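Subject: Structure handover and notes

Hello,

Here is the structure for your files. My notes on it follow below.

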Amino acid sequence: MDRRREDPRGALVRPYAVTRGRTEPRQDIALEAVMTASPTAVAESRFAGHDKHRIATICEGRPQSLAEIAAYTRVPLGVARVLVADMVAEGLLTLHTAAPAEAYEERMELLERVLSGLRRL
């Protein structure tokens, strides 16, 4: 019998084991921030562990947001945030911020327009 079916905590413990229990990232990364990985970084990520290599592979073909990375890897957002921040610090991912902090009002206006458009669909 599969132990994860017996104890539902197993599904939550494993992702946090990947981060060695850390819940705070090295740097704050916005949910909509976009990451990319070069082919060289993907090759180097093989030595950084399975999870980091998978993230680098996801980001090689096209830019991915932090939210997309969490969804594709099926790990909690907090775990993805820690892993991605580590990878940015290690040079395995390139972080492309969505907008400067000074443009908060413009950013919120854009997000409201996107949400409004989605509601019409």
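Start with Leu118, which sits in helix α7 (residues 104–120). Helices here are DSSP runs of H or I with at least four residues, strands are runs of E with at least two, and both are numbered from the N terminus. Leu118 counts as exposed, because its relative accessibility is 53%. The classes are these: buried is under 20% relative accessible area, exposed is over 50%, and partly exposed is in between, with a 1.4 Å probe and protein chains only. Areas come from the Shrake-Rupley method with a 1.4 Å probe, and for residues only the protein chains shown count as cover.

Before the rest, the ground rules. The model is predicted: local features need pLDDT of at least 70, side-chain atom pairs count only at pLDDT 80 or more, and totals for chains, interfaces and linings use all residues. Residues are numbered from 1 along each chain as its sequence is written, and side-chain values use heavy atoms, with hydrogens and water left out.

Overall layout

The protein has seven helices and three strands. Along the sequence they run α-α-β-α-α-β-α-α-β-α. Of the 121 residues, 29% are buried. The accessible surface is about 8400 Å², and carbon and sulfur atoms hold 54% of that. Take the contacts (heavy atoms within 4.5 Å) with a separation of 6 or more: 70% of them join residues 24 or more positions apart.

Helix α6

How many of the 14 residues of α6 are buried? Ten are, so the helix is mostly covered. The buried set is Val79, Ala80, Arg81, Val82, Leu83, Val84, Ala85, Asp86, Met87 and Val88. The span of α6 agrees with expectation: 14 residues at 1.5 Å a residue should give 20 Å, and the end C-alpha atoms are 20 Å apart. The expected span is 1.5 Å times one less than the number of residues.

Asp86 belongs to this helix, which covers residues 77–90. Asp86 is buried because its relative accessible area is 4%. Its C-alpha atom is 8.4 Å from that of Gln27, a residue 59 places away along the chain.

Arg74 lies in the loop between α5 (66–73) and α6. Its phi is near 60 degrees, positive in a residue other than glycine. Most residues other than glycine have a negative phi. Arg74 is exposed, at 75% relative accessibility. Just after α6, Gly91 takes a positive phi of about 80 degrees.

Helix α4

In α4 (residues 50–61), Asp51, Lys52, Ile55, Ala56 and Cys59 are buried. These five lie on the same side of α4, because they cover an arc of only 135 degrees around the axis. The arc is that of the directions from the helix axis to the C-beta atoms. Residues three or four places apart in an α-helix point the same way, because there are 3.6 residues a turn. Exposed His50 and Gly61 are on the face turned away from the buried side.

Lys52 is worth a look. Lys52 counts as buried at 12% relative accessibility. Beyond its neighbours within four places in sequence, Lys52 contacts Ser45, Leu83, Asp86, Met87 and Glu90.

Salt bridges

What does a search of the whole structure find? Two salt bridges (a side-chain nitrogen of Lys or Arg within 4 Å of a carboxyl oxygen of Asp or Glu) turn up.

- Lys52 pairs with Glu90, with the closest N and O atoms 3.0 Å apart. The pair links distant parts of the chain, Lys52 in α4 and Glu90 in α6, 38 residues apart. Glu90 is partly exposed, at 38% relative accessible area.
- Asp28 pairs with Arg81, with the closest N and O atoms 3.9 Å apart. Asp28 is in the loop between α2 (9–18) and β1 (34–36) and Arg81 is in α6, so the pair ties together parts 53 residues apart in sequence. Asp28 is exposed at 69% relative accessibility, whereas Arg81 is buried at 18%.

Best regards
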